[in-house]
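This report is for a reader meeting the structure for the first time. Please look over the sequence and the model before reading on.

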Amino acid sequence: MAPANRSALCEIFVTVPLDRIRNFSIIAHIDHGKSTLADRLIQRTGGLTDREMSAQVLDNMDIEKERGITIKAQTVRLDYKAKDGKDYVLNLMDTPGHVDFAYEVSRSLAACEGALLVVDAAQGVEAQTLANVYQSIEHDHEIVPVINKIDLPAAEPDKVKAEIEDIIGLPADDAVLASAKAGIGIDEILEAIVARIPAPKGDPAAPLKAMLVDSWYDPYLGVVILIRVVEGTIRKGQQIKFMQADTVHLVDRVGCFRPKIEQLGEMGPGEIGFITAQIKEVSQTAVGDTITDAKKPTAAPLPGFKEVQPVVFCGLFPVDAADFEKLRESLYKLRLNDASFSFEAESSAALGFGFRCGFLGLLHLEIIQERLTREYDLDLITTAPSVVYRLHLSHSKTEDAKVIELHNPADMPDPNRIDMIEEPWIEATIYVPDEYLGSLLKLCQDRRGIQKNLTYVGGRAQITYELPLNEVVFDFYDRLKSISRGYASFDYHQIGYREGDLVKMSIMVNGEPVDALSMIVHRGAAEARGRHMCERLKDLIPRHLFKIPVQAAIGGKVIARETIAAMRKDVTAKCYGGDATRKRKLLEKQKEGKKRMREYGNVNIPQEAFIAALRMGDES
Amino acid sequence: MEGSLPLATHPSDPATGVSHAPGMAKELPGAIPAPAAGSLPSLEREGELALYVHWPFCVSKCPYCDFNSHVRDSVDQQAWRDALLRDLAHEAAVLPGRRLGSIFFGGGTPSLMPPATVAALIDAATRHWPAADDIEITLEANPSSVEAARFADLAHAGINRVSLGLQALDDQVLGWLGRAHGVAEGLAALDTAQNHFGRVSFDLIYARPGQTPEAWDAELRRALSFGTEHLSLYQLTIEPGTQFATRVAKGEFVPLDPDAGAELFEQTRAATAAAGLPAYEISNHARPGAESRHNLTYWRYGNYAGIGPGAHGRRDGRATVRRRKPENWIARVEANGHGIEREDDLPPEARAQEALLMGLRLAEGVDLARIAAMSGLSVGQLVDAAAVDRLARQGLLARDGERLTVTDAGMLLLDAILAEIVAA
Ligand SMILES: Nc1nc2c(ncn2[C@@H]2O[C@H](COP(=O)(O)OP(=O)(O)O)[C@@H](O)[C@H]2O)c(=O)[nH]1
Ligand code: SF4
């Protein structure tokens, strides 16, 4: 029996029968109305009163809102009395939306049986839609197309239906026509969820088997763990075991979000909700881990567990050296909520004390950097991102031959000692509409890719490439999006290390090496890359009172060079009595601004330049 | 502020110039003939006080202007005269016993002031403070026929120097700059001014979008041919909040590229020097001895009293600023007997900084020992000696003992140089 109205105070130890559960996610291109629809569904099913419906309940982090991506999975449990007179529990899961979080996405999707595909009736099918739809299809989801914003005068639902069929290859006859804003079609959507999305399966009597979908730190509850029960039952007071982590915990809360927190006595198969178990750090909870009963464990863990490991490393240094401790504390705090990044202290001749940090990808790096800046009010310098190289060193007078891991190009040992360098490779699967195939192949080829497979599905090509990870971390994803106008989807996994003809390229500004900009590159690509870096820096470094050579070099050999012309004019043309005050304030501001730059060989380099210089732009 | 450009200027502060013309301008009690040309007003004049009077009204707002200027349907002339006189009396009361070296009427458009108000203010000022024999009394004027018709009265009121906002010698450009006058009318006004005032200067705005070196050369030569002994030549800059700023943001026009502006600046220096009016300040050119004494007071960081809306003053290290909006200022005067919004004693560092950033605008540069003595800091605390050396080696600065000057090559980079050398 699905209880229609549970209150937080009264815990009812009843699990929901499987055939009354539906678990689904919403797939939508940004701005097509995902949040509005989610809000509507919550409102319609009584999760929040009108007054509590502050817009867009699901996205709650600022950065997520601004970038239009979701970083943490969120769920809402909806109670719905369907037309058949029965009560259902619908779990809506919002999933992360970027390849950096591809693994998290795949775990969230694995927790559902179906998805709503929301398409804007006026805009039609767009990029993000595709990439996510394919992922959802791969998880064998039942997909219910919803054509939203039919209230718009420009709405063309028939054209959009045809697009869904032609471009995505999904039947769209039964697509629900809706307006999330005007509240049209909401009941039809709820009915379609009940009727078309399969109920989950699972044996309530079997030993507990649940997937750890996501986790985050909550200041009041400690670490909150989002789970999907696959078999058995989980209840308060139970001793549970994380199978990968091999740790045991005592469940002290079981509950769900409606979206307000509500405690439940227990959860059975097919249910999605959260538990807390007096865990202090998110790092103890690995996404994808299998949760089982400590005393009566399940025979085998769930398939598909992957240890999430940082693949991109960079240095983060406080602009003001006095902020080092503050940076350390802030990193600790952020890590409470995001175990997928790592950090350790490092020091650099030019940048002073800072941290070497590891991330899932460049977007992840930017998000962390942005949160440090915004939420913790830190001014940071970010050094060139790098992957982890394996260096095979020959023996020296004092040391035996050995293999070391290089996280930071600045630590590159004497090249004479290096026998061989290995770099990480990935296998990438890319879907792209036929018309962009040519540019895509060129991009992969330019990035040293090895084509493995090329097949067609309708008007869309599926390509598999092996690529060196260091060619992907900087801006591959951005470039991919731009050449395919956003219609390509991209997924990858690491396939191990391979030998590469790699060299360290240093950048010199006014004759002085800038270690934060040095990088490991493939010898064949070094010159183009060096030229590009010099050109970018020429634009990024403001003119000074003298001309500034910018050079890229390998060893002692200069491979590219640009010159920043000396400044010609910087003067206040008119300045009389009262201006003394204003000018003095300006001067103070100017000096403040200088503090935010780093000085190399008398040249002030603005902090944005460090990352911006690495973006490769159109050529190469 | 007639004839002025919004080149990063403060609203209350006028540009001015000096023209050397024969003839006397002795009209009113306290009004003295202009000093003769020939010698740079000496530093001995330092003890003298300069008085600035701000008249905030204009007939219309120019699209480049970010001064404290306002368009009003009508002005209660009696109330304004009384308020300015009260504001002046307040300054005289707190800074008695100084010798008055100059008065400057800026704006807005002070040539729209009733000459009787001008006369009353000069009269009161010279009664509060004994005037130097050769006191310089400047007024900024619009070069329109309406205003030219008042020049005789203004001269009679005691004005002995005018600064005319000619701005350009091209009718089309004047229209673009939103000016009411044409070239012919402006030149007629210049002629009238030269007949009535001992000293005349005028302003031009250059480095306009699309202006070629050839076109500017011709315009500048023509300007030099009128025989004034002072010229203020400002590069056009687009100030936030002006109509031009909006138009640039909308892409309606593109300001001249700074490198091209640099070329024009050098060309300007060469042409004026050849004509005997070298630059004595970044944008000001004069025959030696015909510099604006009033403005030199600012740049040499002497004492100045500022009255009227938004006017700034410096009294021995005490900074004053008056309420900016005309209605607020006048209300404050009526309530408090003066229009002051804030008064602060500047700390030694701030005084030293101001002295440097004003003084280095002058071709004569600064005397570090004097600034040290004035502020109470040591010479070593004023400037970053290593940076000075570095820039001197680059030819942008010259240091001779305690005298520090910015070279011709450095003048156009002054703001960047200041950021390097002025100690924090
Ligand atoms: N006219 C109309 N606008 C809608 C509808 N649904 C959403 N919107 C608007 O579309 C914009 C994007 O919606 P949002 O829910 O934030 O999209 P999301 O980025 O997919 O979460 C917002 O301005 C909504 O108000 C609809 O059915 N009709
Ligand atoms: S609006 Fe025109 S006339 Fe008035 S102060 Fe500004 S520039 Fe001068």
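The model is predicted. In chain A, 6 strands form an open sheet of mixed pairing, and their order across it is β2-β3-β1-β4-β5-β6. Strands β2 (74-81) and β6 (176-177) of chain A stand at the edges; each has a single partner strand, so one side of each is left without a neighbour in the sheet.

Strand β1 (residues 21-28) of chain A runs parallel to strand β4 (residues 114-120) of chain A, and 5 bridges join the two. Within this pair, S25(A) stands opposite A115(A) of β4(A). In general, the strands of a sheet pair through backbone hydrogen bonds, in either a parallel or an antiparallel way.

## Helices packed on the sheet

Helix α1 (residues 34-44) of chain A packs on the sheet, where it touches β1, β2, β3 (87-94), β4 and β5 (142-148) of chain A. The direction of α1(A) makes about 155° with that of β1(A). Helix α6 (residues 186-196) of chain A also packs on the sheet and touches β1, β2, β3, β4, β5 and β6 of chain A. The direction of α6(A) makes about 170° with that of β5(A).

## Burial of helix α1

How many of the residues of α1(A) are buried? The count is 8 of 11, and the helix is mostly covered. The buried residues of α1(A) are K34(A), S35(A), L37(A), A38(A), D39(A), R40(A), L41(A) and I42(A). They pack against β1, β2, β3, β4 and β5 of chain A, and also against α6 of chain A. Just after α1(A) comes G46(A), which takes a positive phi of about 85°.

## The shell around ligand 1

Which residues come nearest to ligand 1? Of the 16 residues around this ligand, they are G33(A), K34(A), S35(A), T36(A) and K181(A). Helix α1(A), with 3 residues, gives the most to the shell. K34(A) and S35(A), which come nearest to ligand 1 along with others, are among the buried residues of α1(A).

By type, the residues of the shell around ligand 1 divide into 7 polar, 5 charged and 4 nonpolar.

## Chain B

Chain B has 17 helices and 15 strands. It has 424 residues, of which 54% count as buried. When contacts in chain B between residues at least 6 apart in sequence are taken, 76% of them join residues at least 24 apart.

Definitions and conventions
Residues numbered from 1 in each chain as written. Chains lettered and ligands numbered in written order. Predicted model: local features only at pLDDT ≥ 70, side-chain atom pairs only at ≥ 80, totals over all residues. Helix = DSSP H or I, 4+ residues; strand = E, 2+ residues; numbered from the N terminus. Buried ≥ 20, exposed ≤ 12 C-beta atoms within 10 Å, placed from the backbone. Contact = placed C-beta atoms within 7 Å. Pairing = 2+ DSSP bridges. Axes fitted to C-alpha atoms, helices over the stretch in contact; angles between N-to-C directions. Near = placed C-beta within 6 Å. Nonpolar A, V, L, I, M, F, W, Y, C, P; charged D, E, K, R; others polar.
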